[in-house]
Amino acid sequence: MLYDARYETPDDVVHRVFEILQLCILAMATQHIRPVEVMAHGGPNNPEMFLFCLANLLGGAIALVSRLEIGFHWVGAGSERGLNAAKVASRTDAIHMFLSIIVTAVATMYAALVYFDVSSSGGDQDNVAIWILLAGWLVRTIIMRYVYKLRGLGGENHKKVSVPMNLEFVIHRYGEWTMLMLGESILSLVIVDDISDAKDSEYYMTFYFGLVSVILLQFVYFKSSPQHAEDHAMRRSSNAAFLYNFLIQFYSASLIIVGVSYKMLLTEYTSKYAYEYEDDYKRGLGADDGSKKLSTDERRQRIAWFFCCGLIGTFLFLDMMNLTHTGLKASYEKCHCPTGKTLRVKGLLFCVLSRICISVCVIILSLQIYYDPKYIALLGLVSVVLQVWIRFLGTIYFPSATVSINDHHHDHHKDAEIFHENKKTDVP
């Protein structure tokens with residue numbers, strides 16, 4: 001996405017084939033995602049982990065080639081300054097991407113050793129490869145930031161030798177990505193079938209609690225996110241942009257956890273699990289050993305904890321993303337009255353401390369209440385409704401400076417003029 005926001009891919013056969021190859025590699029990675037008990041037990045008869053790591057390695061290599069093309073073989077038109085900025089930026093990206101690929105290559109080689117080990121029976125659980133991939137994903141943004149500083153691309157120098165992004169495009173794509181994650185939650189609710197006749201009322205209660213919760217989560221995200229490029233973290237500073245890109249990945253993971261949890265909550269009311277305490281219908285859920293089966297109470301306890309952690313994660317990371325848009329200094333000043341002498345006590349009480357209280361209450365209730373799925377879904381709905389209410393209170397106790405329609409109209413015309421001017425000169 002960040003590549004598309006900076007550069008326009010040439011419309012020729014080579015680049016179209018290149019894009020098809022990228023999609024095939026993505027499909028390869030998706031195809032070999034399997035349950036933990038499958039991917040964690042490698043061996044000659046189980047290539048899933050090896051092929052998944054290989055797909056990640058090939059995907060990183062494809063992205064690296066696209067940067068090297070710009071850095072050493074740019075074929076577009078533009079000014080000398082614009083072409084030079086594109087080469088510097090793409091070469092810098094290639095450096096940190098190469099370092100990240102090294103980590104992925106290590107995971108791939110380890111998975112290959114496990115897969116091609118003929119003496120291995122595949123019975124022992126081995127999570128080393130997936131932990132290496134996870135570590136590479138976590139440190140990728142840190143590596144990127146370190147490489148930029150090492151090459152002296154900070155401050156004003158960064159603006160001179162980098163290609164500006166189309167932030168309106170980025171904001172729109174991030175919004176589409178969030179809607180995709182929320183859509184997966186809706187699918188998790190819809191595709192559960194084979195409802196038990198004895199549990200149909202509980203099933204529909206859980207279903208509609210979850211449906212309304214997901215709709216409100218979508219409202220909270222777009223209510224909290226800036227809709228204009230001038231207000232976005234990626235325009236405020238490079239540090240805020242790096243932090244925002246890092247946090248939104250955790251926010252997306254939290255949304256996925258919430259969606260998966262809704263599916264597990266509804267599955268408790270299907271015909272297969274209608275007989276709650278029969279040993280034949282016990283199943284494993286995050287157990288240390290795939291053969292270990294959990295009782296109904298143990299299973300529901302883990303589902304409740306899993307769901308509440310994902311829900312709290314969505315609230316926490318969304319608030320942290322909001323801080324990257326405004327900055328700590330501006331947020332601190334906003335907590336004071338216009339005179340700057342007195343705190344907005346009511347605003348801090350209702351809009352700041354209440355968010356912390358909601359998270360604490362969700363944790364306590366998920367640990368203490370009866371782990372009935374419909375009550376867990378109701379707890380999620382109540383917490384999301386309170387988050388929506390806090391957003392409305394924030395507009396009352398922390399009013400923002402209003403901008404007239406004419407001001408936005410003027411800004412859009414100004415942005416358009418800058419864009420057309422740069423298109424002719426600076427931007428490659």
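User: Is glutamate 19 buried or partly exposed?
Analyst: In this predicted model, glutamate 19 is partly exposed, with a relative accessible area of 30%.

User: What does the side chain of glutamate 19 meet in a salt bridge?
Analyst: The partner is arginine 16, at 3.1 Å from N to O.

User: Changing topic: how many salt bridges does the structure hold?
Analyst: Eight. One of them joins the side chains of glutamate 268 and arginine 300, at 3.0 Å from N to O.

User: Which parts does that pair tie together?
Analyst: Glutamate 268 is in the loop between helix H10 (238-267) and helix H11 (296-326), while arginine 300 is in helix H11, so the bridge links parts 32 residues apart in sequence.

User: Are glutamate 268 and arginine 300 buried or exposed?
Analyst: Both are buried.

User: Which residues are linked with them in a network?
Analyst: Arg299 joins Glu268 and Arg300 in a network of salt bridges.

User: What about aspartate 319, which residue does it form a salt bridge with?
Analyst: Arginine 391, with the closest N and O atoms 3.2 Å apart. Aspartate 319 belongs to helix H11 and arginine 391 to helix H14 (residues 373-397), so this pair ties together parts 72 residues apart in sequence.

User: Buried or exposed, those two?
Analyst: Aspartate 319 and arginine 391 are both buried.

Note on methods: Residues are numbered from 1 along each chain as its sequence is written. This is a predicted model: local features need pLDDT of at least 70, side-chain atom pairs count only at pLDDT 80 or more; totals for chains, interfaces and linings use all residues. Side-chain values use heavy atoms; hydrogens and water are left out. A salt bridge is a side-chain nitrogen of Lys or Arg within 4 Å of a carboxyl oxygen of Asp or Glu. Buried means under 20% relative accessible area, exposed over 50%, partly exposed in between (1.4 Å probe, protein chains only). Helices (H or I, at least four residues) and strands (E, at least two) are DSSP runs, numbered from the N terminus.
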